[in-house]
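Hi,

Here is the structure for your files. My notes follow below it.

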Amino acid sequence: MKIAVRYYTKTGNTKRLAEAIADAVGAEALPISEPITEPVDVLFLGNSYYAFTIDPEVRAFIRGLDKNKVGKIVNFGSAAMLNSTYKKVKAEADKAGILMDTREFHCKGEFKGIHKGKPDASDMKAAADFAKSVVS
Ligand SMILES: Cc1cc2nc3c(=O)[nH]c(=O)nc-3n(C[C@H](O)[C@H](O)[C@H](O)COP(=O)(O)O)c2cc1C
C-alpha cells in the first residue's frame with residue numbers, strides 16, 4: 001500500500017501529529033507545499049481550524065490533487081474549540097472527485113494558553129494507533 005502524509009500548520013501542532021502518523025505507517029511527513037507526484041492509496045491530510053475554517057492553502061491543495069493519483073484522503077488534526085474539520089475537507093474532496101475515508105483523527109490543540117501542551121504524548125500515541133488501524 002502506498003501512503004503519503006501531508007500537513008498544513010501555523011503553530012506546529014499539526015506537524016507533530018503528522019510526524020507521529022508518518023512514523024507509524026513508514027512514510028514521510030511533508031508540508032502541503034510538497035505536491036503528490038506518485039500515485040498513493042492513502043493520503044493522510046493534516047489541517048486545522050483558523051478563524052472557524054480551514055486555511056485557503058489547504059483548500060487549494062485539495063483542489064489541485066489529481067483524482068487518479070489519490071485513492072482516498074484520511075483527515076487528521078487538532079483545534080482549540082471546534083470539533084473536526086472533516087466536513088470542510090470533505091467538501092473540497094468532493095469537488096476534486098476524491099474519496100474521503102469516514103474515519104479520522106481529531107484532538108485538542110493548544111492555542112493562546114488553552115489546552116496547554118496539546119497535542120501531548122497520549123494524543124501522539126492515539127494518532128499513531130489510528131494511522132496503523134487505517135492501513136492494516
Ligand atoms: C490564527 C489562528 C486561528 C485559530 N482559530 C481557531 C478557531 O476558529 N477555532 C478553533 O477551534 N481553534 C482555532 N485555532 C486553534 C488551532 O486550531 C489549534 O491551535 C491547532 O492545534 C493549530 O494547529 P497548528 O499548530 O498545526 O497550526 C486557531 C489558531 C490560530 C493560530
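Valine 5 has alanine 29, in strand 2, as its bridge partner. Strands here are DSSP runs (E, at least two residues), helices likewise (H or I, at least four), both numbered from the N terminus. This is a predicted model: local features need pLDDT of at least 70, side-chain atom pairs count only at pLDDT 80 or more, and totals for chains, interfaces and linings use all residues. Residue numbers start from 1 along each chain as its sequence is written.

**Strand 1 and the sheet**

Strand 1 and strand 2 (residues 29-31) run parallel, joined by three bridges. On strand 3 (residues 40-46), strand 1 has five bridges, again parallel. There, tyrosine 7 stands opposite glycine 46. Strand 1, helix 1 and strand 2 form a right-handed β-α-β unit. Right-handed means that, with the strands pointing away from the viewer, the path from the first strand over the helix to the second runs clockwise.

The sheet is open, with five strands in the order 2-1-3-4-5 and parallel pairing (two strands pair if DSSP finds at least two bridges between them). Strand 2 and strand 5 (99-108) are the edges, each pairing on one side only. Neighbouring strands are turned by 25° against each other on average, direction ignored. Helix 4 (residues 121-135) packs on this sheet and touches strand 1, strand 3, strand 4 and strand 5. The direction of helix 4 makes about 165° with that of strand 5. Axes are lines fitted to C-alpha atoms, for helices over the stretch in contact; angles run from 0 to 180 degrees between N-to-C directions. Contact means C-beta atoms, placed from the backbone, within 7 Å.

Why is strand 1 largely enclosed by the rest of the structure? Because five of its five residues (3-7) are buried. Ile3, Val5 and Tyr7 cover one side, Ala4 and Arg6 the other. A residue is buried with 20 or more other C-beta atoms within 10 Å of its own, exposed with 12 or fewer, and partly exposed in between; C-beta atoms are placed from the backbone.

**Arginine 63**

Arginine 63 sits in helix 2 (residues 56-63). It is exposed, with 12 other C-beta atoms within 10 Å. Arginine 63 touches Glu92, Lys95 and Ala96, leaving out residues up to four places away in sequence. Its C-alpha is 6.4 Å from that of glutamate 92, 29 residues apart in sequence.

**Ligand**

Around the ligand are 19 residues (C-beta, placed from the backbone, within 6 Å). Thr9, Thr11, Asn13, Thr14 and Gly109 come nearest.

Best regards

How values were computed: Two residues are in contact if their C-beta atoms, placed from the backbone, lie within 7 Å.
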